[in-house]
Every structure is written in C-alpha cells, then in structure tokens.
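Here is a briefing on one protein model, grouped by topic. Please keep the sequence and the structure in view while reading.

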Amino acid sequence: MGPRALIDTSAFRSNLQRARKAAPGSRVIAVIKANAYGHGMLRAARLLDQADAFGVARVGEGVELRQSGVSHEILVLEGAFDQEQLIAASTHDLQLVINSPWQLELLNQPGLPRPVVCWLKVDTGMHRLGFAPQAVEAAYRQLQENRVAVRGPVRLMTHLANGDDLQDHTSSRQIAAFMPLVTRFGVEGSIANSAGILGWPSTRSDWNRPGIMLYGASPFIAGDAGEYGLKPVMTLESRLIAINHYHKGARIGYSGTWACPEPMPVGVVAIGYGDGYPRHTPSGTPVLLNDHRVPLIGRVSMDMITIDLRRQRQARIGDRVTLWGRGLPADEIARAAGTIAYELFCGVTSRVDFQEI
Ligand SMILES: *Cc1c(COP(=O)(O)O)cnc(C)c1O
C-alpha cells in the first residue's frame with residue numbers, strides 16, 4: 001500500500017533515442033549524476049547502456065559506476081576536489097573536467113597510476129565554473145604539455161546559462177564565444193544539455209550531455225515534455241488510506257489552511273514530504289485518482305496528503321493515486337510547487353519503493 005516509484009524502462013530507452021535522433025552526428029554523454037536525478041544511478045547506467053558515455057558530478061559517483069562494472073567513458077563534471085580524488089579518477093579511468101586554475105595545478109604531480117583524459121571548461125556566460133575565453137589558450141597549453149598527468153587530446157566544454165528560455169539571447173552569444181575556440185585548437189567540444197539538444201540546434205557538437213530529457217521531463221520553463229516526444233520515466237504513486245466525511249467549515253490538516261465549503265468527503269493518501277512530495281505544494285494542485293484529476297487540499301504532512309473527493313464519490317480505500325508521471329506531467333506539478341522537475345525527482349526519498357516496469 002505504501003508509495004512506489006515505477007520506473008518505465010522502455011521510456012528510458014525511448015528518451016535516449018530521442019536525444020540521438022535530435023543530433024545524429026553527436027555522441028551522447030548520458031548525465032546520471034545525483035543518483036540519476038533520483039531514478040537510481042546503477043539502474044540508469046544499465047538501462048541507458050546504449051549511451052556513448054556517462055556524466056556524473058563527483059568522483060565518488062564515477063568510482064561507484066566502475067565498481068559495479070560499467071566500462072563506458074565516464075566524465076566527472078565538477079572534476080577532482082583534491083589529490084585523493086585525482087588518484088581515484090586516475091585509478092578508475094574517470095575523465096575530469098578542469099574548471100578552475102587550482103584544478104589545473106592539482107595535475108602538476110608525479111606518480112599518478114596513469115594519465116587522465118581532461119576536458120577544459122570554458123566560461124562563456126554561466127559565470128559559475130570555467131576559464132574565461134581569453135584565459136583558455138594558456139590553460140589549454142598547460143594541459144597539453146602535461147604528459148605525465150594528462151592523456152590524449154584535451155577536449156573543450158561549456159554550459160548554457162539560459163538554455164531553458166527559448167526567447168533569451170544568451171545562448172546564441174555563448175555559442176559564438178565557444179565555437180571559435182574549438183575550431184582554433186582543432187579539438188572536440190561539447191555545449192548542449194537537454195535544452196541545447198531540443199531548443200538550440202547550433203549547440204549540437206561532437207558530444208552532447210542530455211540529463212533531464214532522458215527522464216522524460218522538459219528542460220524549458222514553458223512547454224510540455226510530451227510535445228518533444230519525451231516519455232515520463234518515473235511515476236510516483238501511492239494509495240488512498242482513509243475516506244472521511246466532514247461538515248461545512250471543518251478545517252483540514254495542520255494549521256487548518258483549508259476549510260470545507262460544504263459537507264464533503266476528504267481522502268487521505270499515504271505520501272508526504274518524507275517521501276519527497278514537496279511540503280510547499282499548494283491546495284488545488286492535481287493528483288490522479290483512478291485516472292481522474294482531483295485537487296490536493298490543506299498542508300502536505302510528512303507521511304500524508306489530503307484530497308478533495310467531491311467529484312470522486314465512488315473512491316474506495318486502496319485506490320491508486322498518482323502524484324506525477326504517467327498521465328500527470330512532473331513539469332506541471334513542479335510549476336504548481338514553485339520548482340522544477342529536476343528537484344522533484346532528486347527529492348524522492350529512500351523510503352519509496354522503486355520498481356521497474
Ligand atoms: C547536469 C548537467 C547537464 C545535464 O543538464 P540537463 O539540463 O539535465 O540536460 C549537462 N552538463 C552539465 C555540465 C551539467 O552539470
């Protein structure tokens with residue numbers, strides 16, 4: 001009866017195909033950081049084994065993939081944080097993104113088990129990590145000349161700041177700053193995340209880095225993943241565990257934020273912020289009860305939510321309730337809760353039972 005996250009294995013594969021079809025000339029780095037956006041990193045690596053490479057944020061995530069037998073190229077997007085991580089990356093053949101001068105210096109040490117493939121991050125406008133375009137040449141030379149710690153040709157990477165907004169011109173400026181560097185050094189480059197792949201064709205280059213689209217949600221502030229041919233991978237569901245009848249004016253849940261406008265049935269669903277359904281989701285946000293939309297009412301508790309059953313009077317204890325996924329886009333729930341699907345997915349807790357379908 002408890003909450004479950006159903007993982008649609010064919011949707012996973014279909015979304016990867018979608019990323020490939022959008023950019024047939026590019027190789028795909030499937031981004032599976034943060035436990036594959038809450039979907040399970042090792043599961044994602046298995047189901048997305050048709051990807052050309054995997055992207056993770058941290059060295060520890062890459063080591064875990066290697067230890068479970070993943071033999072793909074693995075790219076660590078934040079790079080190594082210290083000498084110990086650099087040695088782990090070298091030992092496990094993880095590729096490092098070099099984001100800052102101190103990470104460049106970290107490579108000036110003898111005695112690595114073997115040299116590491118490096119990607120140089122260019123800051124073309126995100127202003128978070130990476131080398132300014134005018135500083136790239138010196139950093140690039142330093143990497144290229146470091147034969148002890150660096151293996152093979154250096155690759156270049158940048159990241160879109162406003163790719164989620166198709167009306168914004170920042171992406172075009174970033175592309176214009178990045179591509180000449182790729183040409184000048186004659187190396188492989190990578191710009192596109194999901195937003196780039198689906199919305200900014202000129203960001204598609206040697207390597208693409210799709211994340212959220214593989215999980216079937218939209219990378220854009222407006223719009224719907226379905227329009228882009230994406231299928232939801234995770235369906236979060238639980239069951240109705242109580243049906244109560246209250247009089248007009250009865251207040252529901254903590255702080256009594258919602259009052260019954262008339263005598264009415266109220267359902268209790270076994271899901272709450274302890275499972276990852278956000279506490280600040282407001283009254284009126286839809287859930288699916290037996291494939292019908294009904295509104296959330298009152299505060300989200302740790303283990304439960306309450307829903308309005310006035311239009312579902314035939315509901316029974318044990319009926320299935322979907323919080324997001326098939327039939328109810330996570331993007332819509334995220335918007336209602338003032339967040340993005342990325343955060344909803346990452347927030348699903350270990351108390352939820354994951355099942356592949
Ligand atoms: C997380 C991440 C991605 C994937 O982004 P999506 O928006 O999920 O497609 C790509 N590149 C970098 C550097 C990232 O950190």
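Buried residues make up 54% of the 357 residues in this protein; buried means under 20% relative accessible area, exposed over 50%, and partly exposed in between, with a 1.4 Å probe and protein chains only. The model is predicted: local features need pLDDT of at least 70, side-chain atom pairs count only at pLDDT 80 or more, and totals for chains, interfaces and linings use all residues. Residues are numbered from 1 along each chain as its sequence is written, and side-chain values use heavy atoms, with hydrogens and water left out.

**Overall layout**

- The protein has 11 helices and 18 strands. Helices (H or I, at least four residues) and strands (E, at least two) are DSSP runs, numbered from the N terminus.
- Along the principal axes, the C-alpha atoms fill a box of roughly 75 × 40 × 35 Å.
- Among contacts with a separation of 6 or more, 62% join residues 24 or more positions apart. Contact means heavy atoms within 4.5 Å.

**Domains**

- The domain assignment gives domain 1 (9–217) and domain 2 (234–356). Such bounds come from an automatic or database domain assignment.
- The C-alpha centres of domain 1 and domain 2 lie 37 Å apart.
- Across the boundary, 10 residues of domain 1 are in contact with eight residues of domain 2.

**Largest pocket**

- The largest pocket has a volume of about 850 Å³. On a 1 Å grid over the protein atoms alone, a pocket is an open set of points with protein on both sides within 12 Å along at least five of seven lines, while a cavity is a set where a 1.4 Å probe fits but cannot get out; lining residues have an atom within 4 Å of a point.
- Grid points are joined across faces, edges and corners, and a volume is the space filled by probe spheres set on the points.
- The largest pocket is lined by 35 residues, and those closest to its centre are Lys33, Tyr37, His159, Asn193 and Tyr342.
- Helices α2 (33–37), α9, α10 (330–336) and α11 (341–347) each give two or more residues to the lining of this pocket.
- Domain 1 and domain 2 each supply at least three residues to the lining of the largest pocket.
- By class, this lining has 20 nonpolar, seven polar and eight charged residues. Ala, Val, Leu, Ile, Met, Phe, Trp, Tyr, Cys and Pro count as nonpolar, Asp, Glu, Lys and Arg as charged, and the others, Gly among them, as polar.

**Largest cavity**

- A search of the whole structure finds one cavity of 30 Å³ or more.
- The largest cavity holds about 40 Å³ of space.
- Its lining consists of Gly79, Ala80, Leu86, Leu96, Val97, Ile98, Gln103, Leu106 and Leu107.
- Strand β5 provides the largest share, three residues.
- By class, the lining of the largest cavity has seven nonpolar, two polar and no charged residues.

**Helix α1**

- Helix α1 (residues 9–22) has 14 residues and reaches 20 Å from its first C-alpha to its last, close to the 20 Å expected. The expected span is 1.5 Å times one less than the number of residues.
- Its buried residues are Thr9, Ala11, Phe12, Ser14, Asn15, Leu16, Ala19 and Ala22.
- The buried residues of α1 pack against β1 (4–7), β2 (27–31), α3 (41–47), α9 (194–199) and β18 (353–356).
- Asn15 sits in helix α1 and counts as buried because its relative accessibility is 0%.
- Leaving aside residues up to four places away in sequence, Asn15 touches Met213, Leu214, Tyr215, Gly216, Gly229, Leu230, Lys231 and Val233.

**Positive phi and exposed sites**

- Most residues other than glycine have a negative phi.
- Asn35, in helix α2, has a positive phi of about 55 degrees although it is not a glycine. At 42% relative accessibility, Asn35 is partly exposed.
- Asp291, also not a glycine, has a positive phi of about 70 degrees. Asp291 lies in the loop between β14 (286–289) and β15 (292–297).
- Asp291 counts as exposed because its relative accessibility is 70%.
- The C-alpha atoms of Asp291 and Thr322 are separated by 8.2 Å, with the residues 31 apart along the chain.
- Ala176, in helix α8 (residues 170–185), is exposed at 53% relative accessibility.
- Ala176 and Met157 are 19 residues apart in sequence and 13 Å apart in space, C-alpha to C-alpha.
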